[in-house]
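Subject: A structure for you to look at

Hello,

Here is the structure I promised to hand over. Please open it next to this email and follow along as you read.

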Amino acid sequence: MADKLRTLQQLESLQAKYVGTGHADTTRHEFTNTIVRDSYASYIGHPALLGYMALGMGEPKEVVRGQFIERMVRGAGNPPAKDED
Amino acid sequence: MATTSSMFMYSLTLQPPSDITAAVLGQFAGTKEQQIVTASGSKLTIHRPDPTQGKISPLFTQDCFGIIRTLAVFRLAGSSKDYIIVGSDSGRITILEYLREQNRFSRLHLETFGKSGIRRVIPGQYLAVDPKGRACLIASVEKNKIVYVLNRNAQAALTISSPLEAHKPGCLVFDLIALDVGYENPIFAAIEIDYTEADQDPSGQAYEEVEKNLVYYELDLGLNHVVKKLSETVDRSATKLFQVPGGSDGPSGVLVCGVDNITYRHSNQDAHRVPIPRRRGVLENPERKRQIVAGIMHKIRNQFFLLLQTGDGDLFKLTIDMIEDENGQPTGEVKALKIKYFDTVPVANSLHILKSGFLFVSAERGNHHFYQFEKLGDDDDETEFSSENYPSDPLESYEPAYFHPRPLVNLALVQSIESMNPILDSKVVNLLDEDGAPQIYSLCGAGARSSFKTLKHGLSVSELVESELPDKPQAVWTTKLTRGDEYDAYIVLSFASGTLVLSIGETVEEVTDTGFLSTAPTLAVQQLGEDALVQIHPKGIRHIQADKRVNEWPCPQHRSIVAAATNERQIAVALSSGEIVYFEMDTDGSLNEYDERREMTGTVTCLGLGDVPEGRVRSSFLAVGCDDSTVRILSLDPDSTLENKSVQALTSAPSSLAIMPMADATSGGTTLYLHIGLHSGVYLRTVLDEITGELSDVRTRFLGLKPAKLFRVSVGGQNCILAASTRAWLGYTDPQTNGFMLTPLDYPELRWAWTFSSEQCPEGMVGIQDQNLRIFSIEDLSRNLLQESIPLPYTPRKFIKHPEHNLFYVIESDNNTLAPATRTKLINETPAVNGDANILPPDQFNNPHGTEHWASCIQVIDPVSTKSVIFNVDLEDNECATSIAAASFAGQDDETFLVVGTAKDLKVSPRSYTAGYLHVYRFHEEGRELEFIHKTKIDHAPTALLAFQGRLLAGVGPYLRIYDLGMKQMLRKCQVQATPNAITGLHTQGNRIIVSDVQESVSFVVYKFQDNKLIPFADDMVARWTTGATMVDYETVAGGDKFGNLWLVRCPPKASEEADEDNSGSHLLNERGYLNGAPNRLNLMTHYFCGDIPTSVQKTPLVAAGRDVVFWTGFQGTLGLLVPLMTREDVDFFQKLESELGEQSPPLLGRDHLAYRSYYAPSKGTIDGDLCETYFLLPHDKKEIIAGVLDRSVREVERKVSDMRTRVAY
């Protein structure tokens, strides 16, 4: 029992530390949200990738960077409505 | 893992990336002089701006083997030296110091704070340092912020505290800077959005109402913790912050830049807001709003101003007015913001203003620019917009501000620093036929600053004199008259039957009273002793004294002199009989013959004598080359004169010898070398032991088909060797790495060369080319790739070469740009208001912007003779070119046509288009002109085209199709869905087609002619977002992906054979696919993270008679190659060397080397040559340790490492 508790605590601390760490009840929306935000963070963070995308979009890098963070706010869209029960 | 691979590649960088991702300015050397430190990819470079010449030159480059993301500079109070903080992908913060004496970066602190890699919550995206150097904050895009306190200890050494956390979950950071608060507690300001509520609300209402906040984080130095001090709502579109000076210099606070506005904010001040002025002109949309993309704050004495740049490249000068008290003294209250147009420069990643009055613009794309300030825009008549006339509330409407862009007034361009970033495509072809070494043709740049660049291996030469002579000279020398002379006095030319002496003065003219024998050819000329001259001719030696008395040593009867070697005290000549006669000058200045003559076994072809070392009376070795393909070293010491010291066997008879000391990385000082040129055109360099005369460490290089002749010259103060074969080469020591380099000169073939020194040209060279006398000099040894640019109007995308002629066809397209037809229409239709009709040169002001408009064209480029664009076809109806091929059609008597694929109304993200087209053009005038034949509408945009067996292969969306040319349109013959997404590239050999997909790696497709069927038979198991690929052999493909990996995949032999069997079509068609893919899977052979996005991959040799390598170009301007390793021993050696280097000199930023090269997938079968080459830069003791572990000598290790490069590249 203690072991189980400790595992749970460890998982919780991981989840607090690293955003996007999953758990047994991760929903599809949470999962896609994490993917979307992780992807944009990676596009912004890698200088070559940001330059590559900015060139494709025909915009300055700084503008594209702002747009991508803005898309991180949105994530994968509105969460699904919770069932009232 | 790696050891199990059966294939090994050795990866090398030819040219580092030229994109500057981050740059900082500071006094890193601890002197008054400012330097610029830049980060490009994984490389950190320190540059020295030279205010007197108006030039920036690199001082030192270090490869950090990690992605450098941010740089910041700080100085501890009271210190005069700036330190550098580097944020990288290592999950660590690094503080570096630049050591001026050693010209190295030294790591002071390395603090771990998180996982490695570039992740959402690992700090590293933002880095801000308190202006007083007391603390720094490193933050991630989301959630995490870490503050480090910087201080100094009792020994005055820099200390760094343990991290203080200021994390906030669910909060995204748009920008983060440090506030200037003087000596109060350090404050950091960030623009943030909290998305937690929006994430919980299914209705989407919370998302609509999300607010953007300006947040202050205060570091309480007393309590040693970080508190959130202020959170104020700002404009929703804000993305950028700039610091406003505080303390005694200004009001403190920040400028928050959003779309179309700049707002001043601070905790104790009112908000002030100015609009960003928009361009006025007939081609400008007056409704288009601008954003600030870069900027710089600069303080001069008690004033300050900011230069802010919009996405168009326009710089605005922003100043802040203060409320004045009754005495007319400014108070701390802000009265108004004022903004006015300053000048237009390329869109920058960062701007830097130097104290010496220069502006450094590290351009986002294309060349970096270095400007000098002519004035500061204080007293011009540009309209100034003041915040007093605009509301501070972001929601209130206001009248936009406008200005007219104009050519530079306040700035003057002093240097344009060549940058290849971004490279979009390249080809290695030999069009110049210079000795078989190919050139690199590449498409670089973006928008109106694009160019077609030709790169050639070579050193640039500046020519001073070229004059034709009456006859063809055989050789040329220059000589001083006395030892103390600074400059040369005579040029001596030797012809087949005589000698001509020219005197060097204001004019160069013939002199006859010099004492030189003019009726015989000359073999050598030397200034001897204090003030005498020596001329050696086939029949004797003339010793000419200062008073023109001549002592002649006649050659023995029936013999003649065939070779001679001289220095200022010694002379050795070889007779046709094979005897060697040796002379030495004695104290009274006369020549004494050594009483014995040494008889060689064969005919002597050449002699070599080194300079007399300082403080000695003679050079102790004579090198003798004989026609039995040997070089012997003879001693010249008095007790063993002309005795054999050592012998070196050669592959061919030597044609030229030179003994010369050169700077050397191994010993750290200079080493004596024997340079040997062979009749076969090979050049050798061996180390000559200064005591024993032993020869060791032979390095060879093929120069050309003619016998190699060697000449000692001097460039940039160092001894160099000029080797003339079918081309002239220069052997020199690289100024940065101290490694030996051999580079051809960008100059015609030389028969002979010699040093030339005069008042105008202290370090020149004189050479003979056919019947011409040429005087030239070499200035820059730091760049060994020569660039030539042809400007292009739009971003080039792809290009092809004409199958027969030396012409290239480039497709160019620019998003959000007005097409020329629309521009003309606008100009003709709009009534011009004064000043609006000015059409500005696009290379400085960019092409006119038009949202969702495409400007696209096809251009014919002649890179060889005219070096310009010779034909242009503009595309209309908002079409943009996406692919190009030259295909010959069997149905048209094998005539070759140019086929261009286009997309109409293309939207990049998310991708959409209304139609795709195939345009067909006929070549005229040997390809110099194009005639439009017809265009065919198709359902998708054709993104890849290739000539295939007398027809055309097209990648149309996910479909692979074969088209034939019809009278009215292209006719579809067959198709298959080859990949899941979109085809980006096609390659073929025989019936096999390699299809690369935008997302799903490469697939192998076979074409069955009998069945007219395309059948995919093998694909990859890993999603690789392929950006470039090439067939290395029939079964193997080398490629690169969007994330910066290079890989080789191979088709299993059985699948490959089965696919090519006759009549296997129906069998292949009916074979069951495996896991929703093709029946077979490709095997991964090698994998390597190169750090840059490969945009083209090609298998080609790079040097004359070199092996094939996989050459790739990177988006950020990298040129690199993969060289196959031949033997298992080599693999073991380099693997050991890699691991030893990783241990002995771990990467500067604390990123593990192997983890870096395995960024996305474990590195496999690839040796990092760039790491191996860092061996040259190690201190000698570390070199010894590593060499000891490898069981070899330092020289052997260095030789192996440098051979890997010189055999196949430069």
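First, some ground rules. This is a predicted model, in which local features need pLDDT of at least 70 and side-chain atom pairs count only at pLDDT 80 or more, while totals for chains, interfaces and linings use all residues. Residues are numbered from 1 along each chain as its sequence is written, chains are lettered from A and ligands numbered from 1 in the order in which they are written, and side-chain values use heavy atoms, with hydrogens and water left out.

**Where the chains meet**

The contact (heavy atoms within 4.5 Å) takes 41 residues from chain A and 60 residues from chain B. About 4200 Å² is buried between chain A and chain B, with carbon and sulfur atoms giving 60% of that area. Buried area here is the accessible area (1.4 Å probe) that two parts lose on being put together, summed over both. On the chain A side, Tyr52(A), Leu55(A) and Val73(A) lose the most area to chain B, together 16% of what that side buries.

The interface of chain A and chain B also holds 6 salt bridges, each a side-chain nitrogen of Lys or Arg within 4 Å of a carboxyl oxygen of Asp or Glu. One of them links Lys61(A) to Asp19(B), with the closest N and O atoms 3.5 Å apart. Helices H1, H2, H3 and H4 of chain A each supply at least two residues of the side that touches chain B; helices (H or I, at least four residues) and strands (E, at least two) are DSSP runs, numbered from the N terminus. H4(A) gives the most to that side, with 11 residues.

**A covered strand in chain B**

Now find strand S12 (residues 145–152) of chain B. Is it mostly covered or uncovered? Strand S12(B) is mostly covered, as 6 of its 8 residues are buried. Buried means under 20% relative accessible area, exposed over 50%, and partly exposed in between (1.4 Å probe, protein chains only).

S12(B) pairs in the antiparallel sense with S11(B) over 5 bridges, and with S13(B) over 3 bridges. Two strands pair if DSSP finds at least two bridges between them. Ala139(B) has Lys145(B) as its bridge partner in S12(B), while Leu150(B) stands opposite Ile160(B) in S13(B). The hairpin of S12(B) and S13(B) has 5 residues between the strands, and Ala156(B) in the turn has a positive phi of about 65°.

Side chains of opposite charge can pair when their charged atoms come close. How many salt bridges are there over all chains? The count comes to 69.

Arg290(B) and Asp312(B) meet in one of them (2.7 Å, N to O). Arg290(B) lies in the loop between S23 and S24 of chain B and Asp312(B) in the loop between S25 and S26, so the pair ties together parts that are 22 residues apart in sequence. Both Arg290(B) and Asp312(B) are buried.

Another salt bridge joins Asp611(B) and Arg712(B) (3.0 Å, N to O). Asp611(B) lies in the loop between S51 and S52 of chain B and Arg712(B) in strand S59, so this pair ties together parts that are 101 residues apart in sequence. Asp611(B) counts as partly exposed because its relative accessibility is 45%, and Arg712(B) is partly exposed too, at 26%.

Enjoy exploring!

Best wishes
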